[in-house]
Amino acid sequence: MAPWPELENSQPTSEKYTVKADGEQSAKPEKAKETEKDDTGTPITKIELVPSHSTATLIEEPTEVEDPWDLPELKDTGLKWSERDTKGKILCVFQGIGKFILLLVFLYFFVCSLDVLSSAFQLVGGKVAGKFFNNNSIMSNPLAGMVIGVLVTVLVQSSSTSTSIVVSMVASSLLPVHAAIPIIMGANIGTSITNTIVALMQAGDRKEFRRAFAGATVHDFFNWLSVLVLLPLEAATGYLERLTNLVVESFHFKNGEEAPELLKVITDPFTKLIIQLDKSILNQIAMNDESVQNKSMIKIWCKTFTNVTERNVTVPSPENCTSPSLCWTDGLYTWTIKNVTYKENIAKCQHIFVNFNLSDAIVGTILLITSLLILCTCLILIVKLLGSVLRGQVAAVIKKTINTDFPYPFSWVTGYLAILVGAGMTFIVQSSSVFTSAMTPLIGIGVISIQRAYPLTLGANIGTTTTAILAALASPGSTLKSSLQIALCHFFFNISGIILWYPIPFTRLPIRLAKGLGNISSKYRWFAIVYLIVFFLLIPLAVFGLSLIGWPVLVGVASPIVLVILLVVVLKILQSFCPGSLPQKLRSWDFLPFWMRSLEPWDKLITSLTSCFQMRCCCCCRVCCRLCCGLCGCSKCCRCSKCCEDLEEGKDEPVKSPEAFNNLAMDKEAQDGVTKSEVDASGTKIVSSVTAL
């Protein structure tokens, strides 16, 4: 409760005026008295009270509603630099250096855990993902090809892996370019799930989770909206295929060096000690090679020797000979000379699972759980360290540098410069997932705003395609054209999306949609998991399953759903901007059942279903609960202290009114609520009243 305001010109309280039983005044008032006599001649003293005047505002003015998307002030709660002595300053410098080193260490393990997580997903679902590419009749359907790209990228947690499979299939003439473009679009969507999973780790704080989840899903909405517009356009016109073919034919590209893997140089020495995979098996499965179906993806031999020699071999007939001059018979057998490849294993790989005879699924599950635990731990520690480092002047400088626009009239240049920064950073780390995942906790703690994170994410999309282009230029001559054309399709797809959803502020729909989803997810945190499951798993699986049945079935099922969604969107727009054109009943969603227009019933249902996992200690004996809180020293945020807080809130605390309110005038008004005056032992009547406003 806030303290009582101090009042000026207030009168003494009624407790200073005690009236004895015979009617005499025991204390003299401070103001002038007028003396009169009654009918019996007894003098009566009248007291004139000056009304109380106060400069305090008793009625609070309505405060402004706080915008949940405003960046919080990262205040420095410690001692200022000027207040520290020499020893404290030296200690502060060493603490800052130690925190910076710890931040780099945690960031290193964070990136390594993302790499191991990708390997784990490939072990668990890589072969299943490769089988998605076997059915060429399904991939001729653009919508099915798009969801295949989403599913494969979600399963292997790497858009570069799924893109390399597509490039291999195009180079081997197993897949035409026009059928590969929707898969590339789907891979662009699937790669955005990584930073969305990272945002879930900040669900403990609703405000941080609102910003972090919105900053992560702005990438999702950009990709989904771009596919929603460009996939039908590509299916109708084929503009990406024609544009990239024109670029490839116009410029005579030559084989170059491989793209520099700057981050891999740092992380590979550690990740290769954990697991190494033979990724060529995925390409062979996608090309329907039956010989590798039962082969493990775990790499056992890292150093081998391959020798090609000529040997005499038997063949069924002379027609099977390599040439007539190298063919002879000795009566029963026909002989010829063939080149035989001999492969000799020299040295095993030096990773943990090299000597374990475990299946890919078991190793993948172990790595999946371990990498997720390391990922969560590193992310939490990074957020804590950033919260302790980014305070005071440091936070002000960083926030001002990142979120401030250029002066007018060049403020529009800031966003495009952020796009270039995002592309450059992604090119350095060689992965858009790593860059956006590292940016997510910064958005959560309020260092980067959503408006600035959006162009940085768009730049990350561009950066990952430039890496693919450089990798394509390093391809052999037989696959150079196809791999380069696929990489350019990915590049121009992202450029087209930026042209659609960034230059005009009105068209920046991904920011609005991400903020709306962030508000919902911060209130109902389970909705974030539902969003991930529905949009990245259930919908792609449903479309893929219907595509297996046939194109007419897919159209018959999807058409009513699309019409209902369009109807809801149009009705929502009319309710917001032109409600007068609608009937009275359609001006709101009240005509629908409550469970169809609100998440509150679903929240109660999910809360009741999960209540067995959230049992608080106040369900048991309160004495035991208080003992538990006393032993463990629970803080306010601990679930165990909830019952203790309830006990403390349940106590009746005495309300002390300020002395200025206890004057005679207020006592007289308050006496209506007093049933009986109290009389003390000396016979003095005390007129007092305590009111709690």
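In the predicted model, D590 is exposed, with a relative accessible area of 54%, and forms a salt bridge with R597 in which the closest N and O atoms are 3.7 Å apart. R597, at 36% relative accessibility, counts as partly exposed.

This pair belongs to a set of three salt bridges found by a search of the whole structure. Another of them joins E249 to K481, with the closest N and O atoms 2.7 Å apart; because E249 lies in helix 8 (residues 239-250) and K481 in helix 16 (residues 480-501), the pair ties together parts that are 232 residues apart in sequence. Both partners are partly exposed, E249 with a relative accessible area of 44% and K481 with one of 41%. E600 and K604 form a further salt bridge, at 3.9 Å between the closest N and O atoms, and these two residues both lie in helix 21 (residues 600-609), four residues apart, or about one turn of the helix. Within this pair, E600 is partly exposed at 35% relative accessible area, whereas K604 is exposed at 55%.

A positive surface patch is formed by K272, K295, K299 and K343. Of these residues, K299 is found in the loop between helix 10 (280-286) and strand 3 (301-315), and is partly exposed, with a relative accessible area of 31%.

For the protein as a whole, the secondary structure comprises 24 helices and seven strands, and 37% of the 693 residues are buried. Among contacts between residues at least 6 apart in sequence, 72% join residues at least 24 apart. The accessible surface comes to about 40700 Å², of which carbon and sulfur atoms account for 63%.

Technical notes: Residues are numbered from 1 along each chain as its sequence is written. This is a predicted model: local features need pLDDT of at least 70, side-chain atom pairs count only at pLDDT 80 or more; totals for chains, interfaces and linings use all residues. Side-chain values use heavy atoms; hydrogens and water are left out. Buried means under 20% relative accessible area, exposed over 50%, partly exposed in between (1.4 Å probe, protein chains only). Contact means heavy atoms within 4.5 Å. Accessible areas come from the Shrake-Rupley method with a 1.4 Å probe; for residues, only the protein chains shown count as cover. Patches are made of residues with over 30% relative accessible area and no salt bridge: like charges are joined within 9 Å, nonpolar side chains (Val, Leu, Ile, Met, Phe, Trp, Tyr) within 5 Å. A salt bridge is a side-chain nitrogen of Lys or Arg within 4 Å of a carboxyl oxygen of Asp or Glu. Lys and Arg count as positive and Asp and Glu as negative; His and the chain ends are not counted. The place of a charge is taken as NZ of Lys, CZ of Arg, CG of Asp or CD of Glu.
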